[in-house]
2 protein chains.
Amino acid sequence: MESLKEVQKQIYFYIKEIADEKSLELLKLLPNGKMLRSKLILKIAGINEASIKLCAVVEMIHAASLLHDDVIDDATTRRGQKTINALFDNKTSIMFGDILYSKAFTELTLMDKEVAYTISNAVTLLSVGELLDVELSKTFNTSYDRYLDMIYKKTASLIEASAKSAAILCGKNKDNFALYGKNLGLAFQMVDDILDITEESSKLGKPAMLDFVEGKVTIPYLLTYKSLAADEQIKLHSMYKKELSNEETIWLKEKFQTTNSIQESINLAQRFGREAIEAIQDENNLDLVVIMQAMIERDF
Amino acid sequence: MESLKEVQKQIYFYIKEIADEKSLELLKLLPNGKMLRSKLILKIAGINEASIKLCAVVEMIHAASLLHDDVIDDATTRRGQKTINALFDNKTSIMFGDILYSKAFTELTLMDKEVAYTISNAVTLLSVGELLDVELSKTFNTSYDRYLDMIYKKTASLIEASAKSAAILCGKNKDNFALYGKNLGLAFQMVDDILDITEESSKLGKPAMLDFVEGKVTIPYLLTYKSLAADEQIKLHSMYKKELSNEETIWLKEKFQTTNSIQESINLAQRFGREAIEAIQDENNLDLVVIMQAMIERDF
């Protein structure tokens, strides 16, 4: 997509503006990613100077959050590429994240006031979501509500804010697009949680079934736990935060099947997906339906 | 000062607003500090809702930068108190820093647009300054210009932006106050660099003469190095980034004396201090002269 290149040029221009060589060097080492948030903004607001700048700001914020995430999670690879903390050290990842965040916020203050508020408020939610994620990963969480609140803040809030801000830029119904973005974000995270289990390491670009080892009781685990008998719940609990043996992995995968939890998780993600589409049904924007479908109709 | 309590209340209110218990718990563990930036803002803009909110935002940004600093510098104490990374872990310090930053930026978007830009741009400079500080600490830096550029970005930029923003809020001459803040900030950092050498560990709340061990060639070291003969320069260089023996410490302190570098560093800080006062000589604000003097006429 030609316009995504424009977004990357804008990011490069912003970083060049701060006149620090090391920052430009680090920018080149960031993986490009799918730029989902930019695609969304451009499909809603069209391609123009304001929308390209908004995309650049949102991508910089997203990249900053991943830089800090990788330090917090001790991650050494992302999308099959070495992370900045692996290539350099934690310091560099923290500092470059701060540079991307603050430059993005600086540019936001030059934009529409409601857009600036909407995006920065989402970053506050995102930062709280990160903290909640770490807190929830300390003990085996069995609450769906706490899981949903966390993934809303950590993942959906910035997607919600991106869609809402794009609608503000072009004078469309901001509430409908916000709801679309929120549900899209929730579905997106659930799909991510499912792929951690169903996809192979080589495709994930990181070890498979890593979430549970890291203490993350994601939606398939939550649904499995609820369906198990008491003694099996204890067994699942005993496997929490551990490197699993082959035998344990086989038992776990069998339980995913017999409890139908993977399929139920997919159904749930698809329900959020449908709700996203319903929120914008009056907007006649087929592209947004396609974005949604591409995301939820995947090879699980 | 009663009004500083108002600032603390405002910070508490902002954090309460994000409805996350852990964040409130962490806020209580932050050391209060001298609140220099708030004192400055209140002396310029007076005490009113807008100035108290600006103070709260600036203090949250300052606290966030210290939280990330402590991770970057592996610091376990600050002002004699245990740091968040020492009490919990690096993760918590990074995440709580991100929460303070993003909430501060969110509140900024509700303020005067020029104030919002001025403060966020200073945070970009501050973040770049942090990176420059780490880069400069990798090899023995002998450039005064690079040192000055780094302390301007890392320390003076936020003080400059605070004074400028306060002037904007109350319709005073923003350029004069910006220049006051910038020079005050440079003097402030130089005083800090001098105290690292002249003050005892118990008063500093951290080990004395830590800067050089950490690779920071601050102004007294820069001036000493320039005044030494070639063979003594080599000796000073050999002591860089090392825990010094008693003998070495005695040699170093003697060189500070014979080269007059401590006194010259004090003179330089005082020159910036005078330039700060000159910048606002038409403003008839004696309080700001007092703030400046209290800072540079210290017990070295």
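**View 1. The contact between chain A and chain B.** In this predicted model, 33 residues of chain A are in contact with 33 residues of chain B. On the side of chain A that touches chain B, the elements giving two or more residues are helix H2 (21–29), helix H4 (49–72), helix H6 (90–108) and helix H7 (113–136) of chain A. H7(A) gives the most to this side, with 13 residues. Sorted by class, the side of chain A that touches chain B holds 16 nonpolar, nine polar and eight charged residues.

**View 2. The relation between the two chains.** Two copies of a chain are related by a rotation about an axis and a shift along it.

**View 3. Helix H1 of chain A and its two sides.** Helix H1 (residues 2–17) of chain A has 16 residues and reaches 23 Å from its first C-alpha to its last, close to the 22 Å expected at 1.5 Å a residue. Its buried residues are Val7(A), Gln10(A), Ile11(A), Tyr14(A) and Ile15(A), and because they cover an arc of only 130° around the axis, they are on the same side of H1(A). An α-helix has 3.6 residues a turn, so residues three or four places apart point the same way. The buried residues of H1(A) pack against H2, helix H3 (36–45), H4 and H6 of chain A, while on the other side of the helix Glu2(A), Lys5(A), Lys9(A), Phe13(A), Lys16(A) and Glu17(A) are exposed. H1(A) is followed by Ala19(A), whose phi is positive, near 55°.

**View 4. Helix H15 of chain B and the helices that cover it.** The 19 residues of helix H15 (residues 261–279) of chain B should span 27 Å at 1.5 Å a residue, and the end C-alpha atoms of the helix are 27 Å apart, which agrees. Buried in H15(B) are Ser261(B), Ser265(B), Ile266(B), Ala269(B), Phe272(B), Gly273(B), Ala276(B) and Ala279(B). Seen down the axis of H15(B), these buried residues fall within an arc of 145°, so they line one face of the helix. Among the elements that cover them are helix H9 (174–198), helix H12 (219–227), helix H14 (246–258) and helix H16 (286–296) of chain B.

**View 5. Ala187(A) in the largest nonpolar core.** The largest nonpolar core has 169 residues, of which Met60(A), Ala166(A), Ala187(A), Ala166(B) and Ala187(B) touch the most other members. Leaving aside neighbours within four places in sequence, Ala187(A) is in contact with Ala269(A), Phe272(A), Gly273(A), Ala276(A), Met295(A) and Ile296(A).

View 6. Ile291(A) has its place in helix H16 (residues 286–296) of chain A and is partly exposed, with 18 other C-beta atoms within 10 Å. Not counting residues up to four places away in sequence, Ile291(A) touches Lys39(A), Leu40(A) and Lys43(A). Although Ile291(A) and Lys43(A) are 248 residues apart in sequence, their C-alpha atoms are 9.4 Å apart in space.

View 7. Ser202(B) belongs to helix H10 (residues 201–204) of chain B and is exposed, with 9 other C-beta atoms within 10 Å. From C-alpha to C-alpha, Ser202(B) and Gly80(B) are 8.1 Å apart in space, and they are 122 residues apart in sequence.

**View 8. Two loop residues with positive phi.** Lys241(A), in the loop between helix H13 (230–238) and helix H14 (246–258) of chain A, has a phi near 65°, a positive value in a residue other than glycine. With 13 C-beta neighbours inside 10 Å, Lys241(A) counts as partly exposed. Met35(B), in the loop between helix H2 (21–28) and helix H3 (36–45) of chain B, has a positive phi of about 50° although it is not a glycine. Met35(B) has 19 C-beta neighbours inside 10 Å and therefore counts as partly exposed.

Definitions and conventions
Residues are numbered from 1 along each chain as its sequence is written. Chains are lettered from A and ligands numbered from 1 in the order in which they are written. This is a predicted model: local features need pLDDT of at least 70, side-chain atom pairs count only at pLDDT 80 or more; totals for chains, interfaces and linings use all residues. Helices (H or I, at least four residues) and strands (E, at least two) are DSSP runs, numbered from the N terminus. The expected span of a helix is 1.5 Å times one less than its number of residues. A residue is buried if 20 or more other C-beta atoms lie within 10 Å of its own, exposed if 12 or fewer, and partly exposed in between; C-beta atoms are placed from the backbone. The arc is that of the directions from the helix axis to the C-beta atoms. Two residues are in contact if their C-beta atoms, placed from the backbone, lie within 7 Å. A nonpolar core is a set of buried Ala, Val, Leu, Ile, Met, Phe, Trp, Tyr and Cys residues joined through C-beta atoms within 7 Å. Ala, Val, Leu, Ile, Met, Phe, Trp, Tyr, Cys and Pro count as nonpolar, Asp, Glu, Lys and Arg as charged, and the others, Gly among them, as polar.
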